[in-house]
Amino acid sequence: MRRTLLVLLVVAAVAHARLHALPPGLPNRPDSLKLAVIGDNGTGEQPEYDIAARMVEAHTTFPFDLVLMLGDNMYGSQQPADFVKKFERPYERLLKDGVRFYATLGNHDRQENRFYAPFNMDGQRYYTYTRKNVRFFVLDSNFLDPPQVAWLESALKAATEDWKICYFHHPLYSDGGRHGSEVDLRVRLEPLFVKYGVNVVLSGHDHIYERLTPQNGIVYFVSGAAGQLRKGNVKRSAMTAASFDQDQSFMLIEIAGPDLFFEAVSRTGATVDSGVIRSGTTP
Amino acid sequence: MIRALRFAVDHYLVVPFGVAIGLVWANTWSESYFRMSQAGSFAINNIGMAFVLAYLMQEAVEAMLPGGTLHPWRRAMLPIVAAAGGLIGSAVVYQVYVISLADEPVLAVGWPIVCAVDIALSFLVAKSIFRHNPAAVTFVLMLTIATDAAGLWLISRRYPSRDVYPLALTFVIAAIAGAIWLRRAHVRSFWPYLLIAGTVSWWACFWGGVHPALALLPIVPFLQHSARKLDPVADHAHGRHQSGGHFEYVFRYPVQVVMFLFGLLNGGVLVRGFGAGTWAVLTAAVVGRPLGILIAVGLAVLAGLQLPHRLGWRDMVVIAMAASSGFTFALFFSTAVFPVGPTLIQVEMGALATVAGALLAAAAARLLHVGRFATSEAR
């Protein structure tokens, strides 16, 4: 009797722990596309490791296949040992589990880093790839030269997937007090996004988490606090839908048919924002 | 209207006026400003600036003719050495700043930006300080022209173009050959040179991956010339220069309109856009270049060259500071090196901030009792 009670208690504890680890805002459907998003992470310091630990915990119940890296994947020295300290060690568990990271370059990244195999950039500054019904467009916002803009237009035009998600380092919209919106980039990129039906745009650079109210039908996220943090830096405005600037954070996203579920998770594992975007509608 | 324009031209107010409007506009109605600037930047930065550079080239060529300010070439030896020192000094300081202090490798390719000196602003500063010492003013002119010539060469292949066809550059040779043929045919009007040879050269540069604003530079030496005093700010056309066949005479005011638009389109930067690139450009210009100039001149003097008559080391310090403002040229170089984006804004802010070099030159002159600040004892 006592043994049965003990077993039941252990089972209940494990079940509680797993339920607790399951992100509450995500349906976790078996056939959906699951991914995580990190930005401005590559410090090699404890907060980056803490966020990585939360990602590993989330992965046990929410088995995401890929991680989008929004730039500033490496700060400071970028020698081979730094790639171990600032990337391979913190995300070791995920890498071993076969999770693939797809990076864009930030202003602190060396251009040569696009040849680093685990970033899956194949030596390209800008590239596109597809998973299920989603096409991702990865841009280099450091050098938005005419060939890149021309490439983006042709890639967007050719895309037939239900979801078009674009990510790059510098945010077109942001209420971050340090950098804010990159209006010059916005003037060049947003007309293309609108014309070709981009649904979601993700950026970093400002070391905060922010979800903007939809702009011209597009949902913009700033997620640049997976290693760095600029505490209290959000200057809320009419375009702020949700924000978090008190601790490091990362995002989890699940795309199931016409629905995109998202959740922003803090360093302590708390959900700081969540919601759903339906293709063609606003959250 | 013409009088107001002439006043603005004579006091080098056209570009700052455009920049000031751009700054206010960009920081109040950002989206409309950037829409306007991106729509107009190709025409102004790539076509309009070709005429501005050709205009400056025309003045430099004429000043090097017998009877011109910069004649004979040998006089330019020490300023050329100083320019080389300034280039090295500014580039080294820029790279050290970017790599060691800034942790922004993305800026590393931007070092040619600091190889720019605003010829007109430096000239104005020098002329204002060295009122009674034309040797100092001439030295500054030679130094700035040599610096910008090297800088233009450095940025020529860094134009963020579309697909590049290097073979297209062979048409530049064809354009030069055309200009030579026109010269031999005694064609005195500059229009055939610009419209035929210039157009071929522009297309060749554009498709060859060279900044097309440089396209008229190889054509200008074949236009008709006559020796002149070199004053890029307020030397009104006169004598043989005052003729409808003279490029400088016809383009004097159109070029100012282009300069205004250039300042307007490129000077509007978001004030919060400052960053490591801003400090890198500023430090390289106001610290690196003067240091490089002084070290190079010091080495040249040790090697046997002599300082020009009536110029001492204190004058040389002020000259080095006077040549530290990149301003218009640094803005132009910035647009040649970086495409639209936050990195460009950072370095453009640095380019604007180098105007501080003019103030530092005046402060140095006052401190060292140089030029107009010289005490009777120092004179």
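# Reading a two-chain model

Author: Let's start with Gly39(A), which counts as buried because 35 C-beta neighbours sit inside 10 Å. The cut-offs go like this: a residue is buried if 20 or more other C-beta atoms lie within 10 Å of its own, exposed if 12 or fewer, and partly exposed in between, with C-beta atoms placed from the backbone. One caution before we go on: this is a predicted model, where local features need pLDDT of at least 70 and side-chain atom pairs count only at pLDDT 80 or more, while totals for chains, interfaces and linings use all residues. As for labels, residues are numbered from 1 along each chain as its sequence is written, and chains are lettered from A and ligands numbered from 1 in the order in which they are written.

Reader: Okay, so where does Gly39(A) lie, and which residues does Gly39(A) touch?

Author: Look in the loop between β1 and α2 (46-61) of chain A. Those element names come from DSSP runs, numbered from the N terminus: helices are H or I with at least four residues, strands are E with at least two. A contact means that two C-beta atoms, placed from the backbone, lie within 7 Å. Leaving out residues up to four places away in sequence, Gly39(A) touches Leu70(A), Gly71(A), Gly204(A), Ser223(A), Gly224(A) and Ala226(A).

Reader: What is the mean pLDDT of chain A?

Author: That score is the predictor's confidence in each residue, from 0 to 100. Chain A has a mean of 92, and 90% of its residues reach 70 or more. Watch residues 14-21 of chain A, though: the pLDDT there is below 50, and beyond near neighbours in sequence this stretch has five contacts in the model.

Reader: What about phi of Asn28(A)?

Author: The general idea is that most residues other than glycine have a negative phi. Asn28(A) has a positive one, near 55 degrees. You'll find Asn28(A) in the loop between α1 (2-21) and β1 (33-38) of chain A, and it counts as partly exposed, with 15 C-beta neighbours inside 10 Å. His369(B) comes in the segment after α14 (356-368) of chain B and is partly exposed, with 14 other C-beta atoms within 10 Å.

Reader: How many helices and strands does chain B have?

Author: Chain B has 14 helices and zero strands. Of its 379 residues, 55% count as buried. Take the contacts in chain B between residues at least 6 apart in sequence: 83% of them join residues at least 24 apart.

Reader: How do I read a helix pair, say α5 (residues 119-129) and α6 (residues 134-155) of chain B?

Author: Two packed helices are described by the angle between their axes and the distance between the axes. Axes are lines fitted to C-alpha atoms, for helices over the stretch in contact, and angles run from 0 to 180 degrees between N-to-C directions. Here the axes come within 9 Å and cross at roughly 165 degrees, which makes α5(B) roughly antiparallel to α6(B). For the wording, under 35 degrees is roughly parallel, over 145 roughly antiparallel, 65 to 115 roughly perpendicular and the rest oblique. The contact includes Phe123(B) of α5(B) and Leu141(B) of α6(B). Its residues divide into eight nonpolar, two polar and two charged. In that scheme Ala, Val, Leu, Ile, Met, Phe, Trp, Tyr, Cys and Pro count as nonpolar, Asp, Glu, Lys and Arg as charged, and the others, Gly among them, as polar.

Reader: And at what angle do α5(B) and α14(B) cross?

Author: Roughly 20 degrees, with the axes of α5(B) and α14(B) coming within 10 Å. The two helices are therefore roughly parallel to each other. Leu121(B), Val125(B) and Ile129(B) of α5(B) meet Ala358(B), Ala361(B), Ala362(B) and Ala365(B) of α14(B). By class, that contact has seven nonpolar, no polar and no charged residues.

Reader: Last one: how many residues does each chain give to the contact between A and B?

Author: Chain A gives 20 residues and chain B gives 20 residues. On the side of chain A, the elements giving two or more residues are α5 (146-158) and α6 (183-195).
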